[in-house]
Structure formats: structure tokens, C-alpha cells
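Please look over the sequence and the structure first.

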Amino acid sequence: MPLNLAVIGGDGIGPEVTQQALEVLAAAAGAAGLTYKTTEFPFSATHFIATGHILDDDDIAELKAYDAIVLGAVGGQPNDPRLAGGVIEKGILLKLRFDLDQYINLRPVKLYDGIDTPLKGKTSKDIDFVCVRENTEDLYCGLGGIMRKGTPHEVANQTMVATRFGVERCIRYAFELARTRPRKHLTLVHKTNVLNFAGDTWHRAFKEIAEEYTDVETGYHHVDACCMYMVSQPECYDVIVVPNMFGDIITDLGAAIAGGMGIAASGNLNPDGTAPSMFEPVHGSAPDIAGQNLANPIAAIDSMGLLLREVGRIKGEPAAVKAGQNIGVAVQRVTPAFAGEKLDRSGYFTTDIGRMVIDALG
Ligand code: IPM
Ligand code: MN
């Protein structure tokens, strides 16, 4: 059975990097004898402005029939009043993550050879960890409200949600992942010294589940300290498990220490396979450089490696897993050529990098 992929190129640089990602995917799949088909969907800020349509429940029902979703980036110009209040972020990205129960946001932080890190003295041996960001709860639920808006007595609240079910499935995923890695180390990142309700749920679940994974060494860092350690001693991390909001923040820091947003790949995973997972670069639509062949497509390309590995796992297709691993290897064969270059805007063009990865697939 061919894999059935939905493609949402989105806005700005989204379609350009997605095109390179799909070309690499085609090459890797072809070499592995994998067949697949792609169907494009227009969901984006551009589409919303043109038609008034964002993404509704019928669209979600349609997307559920696919094996995975390839997403470029969605979002328009920063101050466009037509997009105020995060309509696109909430209406497309978060709706997909929530409605498809993509409860893990998997974000590897790995410094590739040839890529510059702003951390003095750190090499690819020091920066190699994975963030398991919870992706369906926490401050992202949209619970809360505002009253007496615009008056001196305005009141706003925004609720942090931690369910035992949601926390537990995320922590279990992180332990399973840690178990597959050579170091087998898992750090919980939270802020339990202040967030003594939600933090307590996380902390107790972590401690209890740890008892089932005696082969995995565990640690705990407050999120502020984690930011410091990510900069001063990133080698202390192997796998991090973290709630949604803190995970959002520390994975931007993670992208920065591993060479920038152009490098950072991610998977929004529904590990149970009850709905498709979605793979996207961590970066946004970068409208300032759109259409100029300047965007670095590595993050989008690497996300295709994650896609093939995950879909291969869910569908029991070792050929897909292998093809996904091959993309990861090919990317790491290419990056040494970037040594001394500033990626993100100079040296190489988007399409050059795509071509280099395809050549490196061998
Ligand atoms: C990310 C982004 C999103 C998030 C935004 C665009 C809603 O920053 O994928 O990290 O906060 O999750
Ligand atoms: Mn983010």
C-alpha cells in the first residue's frame, strides 16, 4: 500500500522548504522502493485572507484519512490586523495538534558537524539531546478569560492544565525514547518550586513511572536552570521531558545552540496512530526572505527523516524506517560543507542544499 501524505506548504518560505523536503523524500523513498502519494491542502494565512476559510472539522475529518501530514509553515506578516489574536496559529497549527491528538512534540537538538554553534568550545559531542514537549495541554488549552476589558479594572487569566492522563502518556513516551538511546538519561524540566499544583502532578507521575524504567537514569531541573545549563553545559542532557509552554521556549533556545532555526526539525506525534502525525520545521514562515530561494531547507528535510521513521514504525514498514534514517545520514554528510559559512541567508541557496542532500543519499 502506498503511503498517503497530506501536504500543507503554508505561507512565506513554507512552500519553498517543503518542495526541497519532498524532493529529498522522493529520492529516499525511491531508493528504498517505497511508494507514496501526496495531496496538497491550501490551509494558510494567505488562503484565509483570500477566502475567509481557516480549517474546519470537515477538513480535520478529511486529513484523518492520511498516514502523515507534511507542514511547511503558516503565518502572515507580523502585524497584519486581519490575522490578529493568533487566528492562524490557533486556527491551523494548534487545531491540528489538538484535534489529531498529536500529544508529543518531538524536537531533536543536535549540533551537526560543520554547523556553527554560538556556544564557545562546544562541539557536536556536547550538543545532542531530544526534547519531548507535551503538545496538547498546559497553557495552550485556551482556558481562561478576560473581563472588564479596556477598563482600569481589567482581569485576565489563562489556565495551566495538567491532566494525569496527558502527563503520564507524555512521560511514558520520553522514558521509552530514553531507553533506546546509549546514555539512557531523562530529565524532567518544570518549575515545581512555584507551580506547585501542575508541577506536583508532573513530579509525582515522573517519580512513579521512573520505577518501571530502572534502566533509565533520571534528573530534574527547574526550567530557568535548564536554560542556563543548555548554554553552559548542554552535554548534561540526553532526553528532556517538558510541558508545552516551557517546551516551546526551551526548544527555541535548543534551535539556537544547534545552529539556528534553519536546522531545527520537529514531529508532532500521535504515537498511538489513531490519527496522522505531522512533521514541520520549528521555524515560521519568515515572510521577509520568502520567494528568494534563501531559506535553509535542512529543518524541513530532516523532518522528512522523522516522518519516514515514525510512519514506518506505526505501519510496521522497515523500509520506511530505513529511508528515514538515510535522510538523517545524508543531512549529516552534507553539513560539513557548511563549515565557516553562515547558513540562513548566505552561501548556499535553498535549492542547492536540497540537491546536496539528494546527492548525499548516494
Ligand atoms: C512552535 C510555535 C507555535 C507554538 C506557535 C506558532 C503557536 O512557536 O511550533 O513552537 O507555540 O507551539
Ligand atoms: Mn515555538
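## Aromatic cluster

Ring pairs join Phe41, Phe43 and Tyr66 into a cluster. Rings of Phe, Tyr and Trp (its six-membered ring) pair if their centres lie within 6.5 Å; planes under 30 degrees apart are stacked, over 60 edge-to-face, the rest tilted. The model is predicted: local features need pLDDT of at least 70, side-chain atom pairs pLDDT 80 or more, while totals for chains, interfaces and linings use all residues. Residues are numbered from 1 along each chain as its sequence is written, and side-chain values use heavy atoms, without hydrogens and water.

The structure holds 6 aromatic pairs. Phe41 and Tyr66 have ring centres 5.6 Å apart and planes at 90 degrees, so this pair is edge-to-face. Phe41 lies in the loop between β2 (36-40) and α2 (45-51), Tyr66 in the loop between α3 (57-63) and β3 (68-73), so the pair ties together parts 25 residues apart in sequence. Helices (H or I, at least four residues) and strands (E, at least two) are DSSP runs, numbered from the N terminus. Both Phe41 and Tyr66 are buried. Buried means under 20% relative accessible area, exposed over 50%, partly exposed in between (1.4 Å probe, protein chains only).

## A stacked pair

The rings of Phe175 and Tyr213 have centres 4.9 Å apart and planes at 15 degrees, so they are stacked. Phe175 is in helix α5 (residues 164-180), and Tyr213 is in the loop between α6 (198-210) and β9 (217-222), 38 residues apart. Phe175 is buried at 0% relative accessible area; Tyr213 is buried at 5%.

## Helix α10

Buried residues of α10 include Ala320, Ile327 and Val334. On the other side of α10, Pro318 and Arg333 are exposed.

Key: Chains lettered and ligands numbered in written order.
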